[in-house]
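I opened this notebook page to record what I looked up in the structure shown below.

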Amino acid sequence: MINAYYQLSRFNFDKGIISKGRKRTSRSFVKAFIDLLYLKMYSGMFMSVTDTAGAVIANNYGFYLPLFHCNASFGGQYNMNYLNSYGNYYTQKTLGSDYGIMVGTGTAAVITTDDNLQTLIQHGTSSGKLQYLGCMIPGDVTISAPNASFNIERLFLNSSGGDVTINEIGIYAAYFTSIYCIIRDLVSPAVTVANNEYLKVTYTIQVSV
Amino acid sequence: MIPGVHLYWDGVIKDGNKVVKKLPKRKSHSFVKAFSQALLNLFGFVAVVIKDTGNTNRTSDYRGGYQYDASAPATNQTYGVVVGSSDTAESINDYTLGTKIGHGINAGQLQYSAVAIGAPSWDATSNYFVITRIFTNGSGGDVTVKEIGIEVFDSAMGYYYCFTRDVLVSPIVLTNGQNLTLNYTIKVTL
């Protein structure tokens, strides 16, 4: 099976690690994950998938692009244009804070058809906002029989002048010109990030025999 | 149930249209290493090195797995749902079935139908889709299936990868004229 786990840690450069959260089981992959995986495994198919803006996008199976792309740049910056084999630029208008690991304040229970975080925390330095640093996949698959796993990580910096509380997290994946929510989790208990603190969110995707 | 992406298989053995035996839904054991690497590639990590079904390392580049296609056409034993005769235990490092049963009507062979993949469905607690293939024994004798799996075709690169492998607790014996329908269900549960 495939499990996802997440971990939230807080730190700053003066005090080091302030708190290292427990590794928790993700609940869960949501509908767009299965819809897009289906698309990738069924040659010739088109699949309508609801994006994070609530639009139903008819996807072609055959873009030469990562399906769950989440290597996002710094929040306020446009991502590098990415020329695919069809000559299309697919991240042309996408900001780093539009996809990758995302955080929010919503507390509504996760349902299978979630296509968004309930209340996204915006990128920025004003009250209630966090700065979204880059989202990365730091390494290759690690094998530790019977498991194979890899991590996805993102740092957030609170420069808002006050506390920011995280109640929900998730992964937004970019595919061609649209963005899809593939994982959403409630964070309980909530994690409060103080001013000048960093929050590191790590998702581990693990395949097990 | 533990939240995550679960894999199940079930099946039915028929003689013509007559049901001989139903094979109840079981948990698959399971996705293997290449699937995790394909996921890594799909998440945007470039240049993932994946061992193909021929035991050769292949680099899956920035194109991110143009297609990990499981929808093999009829007679194609190279990918899709596949069956074999080895009962060597599963390992996370498996890159193909132990001994694949070939397509054909000679001794020890089975006829492979086209793979069908049902559109995704969902309910309050799960999302899933089902991958199906039918194997018909026209060999003139018994054929025993001891392992099953899903192998896929990356049509951008031209390579085949093994995503899942299961060794059956009870081997399936197909007598001449019988057919086996196998269903794999990939299911997300909250």
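Entry 1, conventions. I worked from a predicted model, in which local features need pLDDT of at least 70 and side-chain atom pairs count only at pLDDT 80 or more, while totals for chains, interfaces and linings use all residues. Residues are numbered from 1 along each chain as its sequence is written, chains are lettered from A and ligands numbered from 1 in the order in which they are written, and side-chain values use heavy atoms, with hydrogens and water left out.

Entry 2, sheet in chain A. I found an open sheet of three strands in chain A, ordered β6-β10-β11, with antiparallel pairing. Its edge strands, each pairing on one side only, are β6 (100-104) and β11 (178-193) of chain A. I noted an average twist of 25° from one strand to the next. I took strands (E, at least two residues) and helices (H or I, at least four) as DSSP runs, numbered from the N terminus; two strands pair if DSSP finds at least two bridges between them. Strand β10 (residues 164-175) of chain A and β11(A) are antiparallel and share 11 bridges. I looked up A:Tyr175 and found its bridge partner in β11(A) to be A:Ser178. Helix α1 (residues 31-41) of chain A packs on this sheet, touching β10 and β11 of chain A, and its direction makes about 150° with that of β11(A). Contact means heavy atoms within 4.5 Å; axes are lines fitted to C-alpha atoms, for helices over the stretch in contact, with angles from 0 to 180 degrees between N-to-C directions.

Entry 3, sheet in chain B. I found three strands in an open antiparallel sheet, in the order β5-β10-β11 (chain B). β5 (80-84) and β11 (159-174) of chain B are the edge strands. β5(B) and β10(B) run antiparallel and are joined by five bridges; the partner of B:Val81 in β10(B) is B:Ile150.

I recorded 57 residues of chain B in contact with 57 residues of chain A. The two chains bury about 4700 Å² between them, 71% of it on carbon and sulfur atoms; this is the accessible area (1.4 Å probe) lost on being put together, summed over both. I searched for salt bridges across the interface and the rule finds zero, the rule being a side-chain nitrogen of Lys or Arg within 4 Å of a carboxyl oxygen of Asp or Glu. On the side of chain B that touches chain A, α1(B) gives the most, with eight residues.
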